[in-house]
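This briefing describes the fold, the sheet, the helix packing and the charged contacts of one protein. Please read it alongside the sequence and the coordinates.

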Amino acid sequence: MDNIVFSIENRYLNLKITTFAKTKQHLNYYYMEGFKQKQFGVPTKRYVQTLDLTDDPELIAQYRKWHSEEYSWAEIREGIKEVGILEMEIYILGTRLVMIVDAPLDFDWDSAMARLATLPRQAEWESFVAKFQGCSANATSDEKWKMMDRMFFLYD
């Protein structure tokens, strides 16, 4: 069987990924390896939120670009850490985003989000990303992202 060439191009990221695989299932292998988690040395708790992006492939490509290591705003990353968040990850499938936030056990979500909203460039960032998120430019992060309920874990 000949290899199939899968190519993904994104002009906003100036990125072209080409891989060779026997089937699309082989291509999924790259995502099925999992993501290594940080160890914080302190007990933590997790928050999970969701948000739907505007259904426009070009806007989604731009949104991904602005969340990349190269283009994300340092002040935003620093502010997230400053309010006590140990790790924040965002995952995407189509237009659906899922954000995972790890924080110490004594972390207070409401206080942290209120403080985050006052930090340098945070309001500017929220206004900037609103065009991708299909919401008001004046909406805060806490107004956009919806907290998810945990419905299952291993109960150990």
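A contact here means heavy atoms within 4.5 Å. Among contacts between residues at least 6 apart in sequence, 62% join residues at least 24 apart. The model is predicted, so local features need pLDDT of at least 70 and side-chain atom pairs count only at pLDDT 80 or more, while totals for chains, interfaces and linings use all residues. Residues are numbered from 1 along each chain as its sequence is written, and side-chain values use heavy atoms, with hydrogens and water left out.

**Overall architecture**

- The protein has six helices and six strands; helices (H or I, at least four residues) and strands (E, at least two) are DSSP runs, numbered from the N terminus.
- Along the sequence these elements follow the pattern β-β-α-β-α-α-β-β-α-α-α-β.
- Of the 156 residues, 31% count as buried; buried means under 20% relative accessible area, exposed over 50%, and partly exposed in between (1.4 Å probe, protein chains only).
- The protein exposes about 11,100 Å², of which carbon and sulfur atoms supply 54%; accessible areas come from the Shrake-Rupley method with a 1.4 Å probe, and for residues only the protein chains shown count as cover.

- Four strands form an open sheet in the order 4-5-3-6, with antiparallel pairing; two strands pair if DSSP finds at least two bridges between them.
- Strand 4 (87-93) and strand 6 stand at the edges with a single partner strand each, so one side of each has no neighbour in the sheet.
- Strand 3 and strand 5 pair over nine bridges in the antiparallel sense, and Leu51 has Leu97 in strand 5 as its bridge partner.
- Strand 4 is joined to strand 5 by seven bridges, with Glu87 opposite Asp102 in strand 5.
- Strand 4 and strand 5 form a hairpin with two residues between them, and Gly94 in the turn has a positive phi of about 65 degrees.
- Two bridges join strand 3 to strand 6, and Thr50 stands opposite Lys146 in strand 6.
- Seven of the nine residues of strand 5 are buried, so this strand is largely enclosed by the rest of the structure.

**Helix packing**

- In helix 3 (74-82), the residues Ile76, Gly79 and Ile80 are buried.
- Seen down the axis of helix 3, these buried residues fall within an arc of 100 degrees, so they line one face of the helix; the arc is that of the directions from the helix axis to the C-beta atoms.
- An α-helix has 3.6 residues a turn, so residues three or four places apart point the same way.
- The face of helix 3 turned away from its buried side carries the exposed residues Glu78 and Lys81.
- The buried residues of helix 3 pack against strand 4, helix 4 and helix 5.
- Gly84, which follows helix 3, has a positive phi near 105 degrees.
- Helix 4 (residues 109-116) has Trp109, Ala112, Met113 and Leu116 as its buried residues.
- They cover an arc of only 95 degrees around the axis, which puts them on the same side of helix 4.
- The partners of these buried residues of helix 4 include strand 3 (44-52), strand 5 (96-104), helix 5 (122-133) and helix 6 (141-144).

**Salt bridges**

- A search of the whole structure finds seven salt bridges, each a side-chain nitrogen of Lys or Arg within 4 Å of a carboxyl oxygen of Asp or Glu.
- One of them joins the side chains of Lys38 and Glu87 (3.0 Å, N to O).
- Lys38 lies in the loop between helix 1 (24-32) and strand 3, and Glu87 in strand 4, 49 residues apart.
- Glu87 counts as buried, at 17% relative accessibility.
- Asp102 and Arg46 also meet through their side chains in a salt bridge (2.8 Å, N to O).
- This pair links strand 5, which holds Asp102, to strand 3, which holds Arg46, across 56 residues.
- Asp102 is buried, with a relative accessible area of 6%, whereas Arg46 is partly exposed at 49%.
- Arg121 and Glu124 form a salt bridge (3.1 Å, N to O), and Glu75, Arg121 and Glu124 are linked in a network of salt bridges.

**Nonpolar surface**

- Met151, Phe152, Phe153, Leu154 and Tyr155 make a nonpolar surface patch of about 650 Å².
- Patches are made of residues with over 30% relative accessible area and no salt bridge: like charges are joined within 9 Å, and nonpolar side chains (Val, Leu, Ile, Met, Phe, Trp, Tyr) within 5 Å.
- Tyr155 lies in the segment after strand 6 (146-147) and is exposed, with a relative accessible area of 53%.
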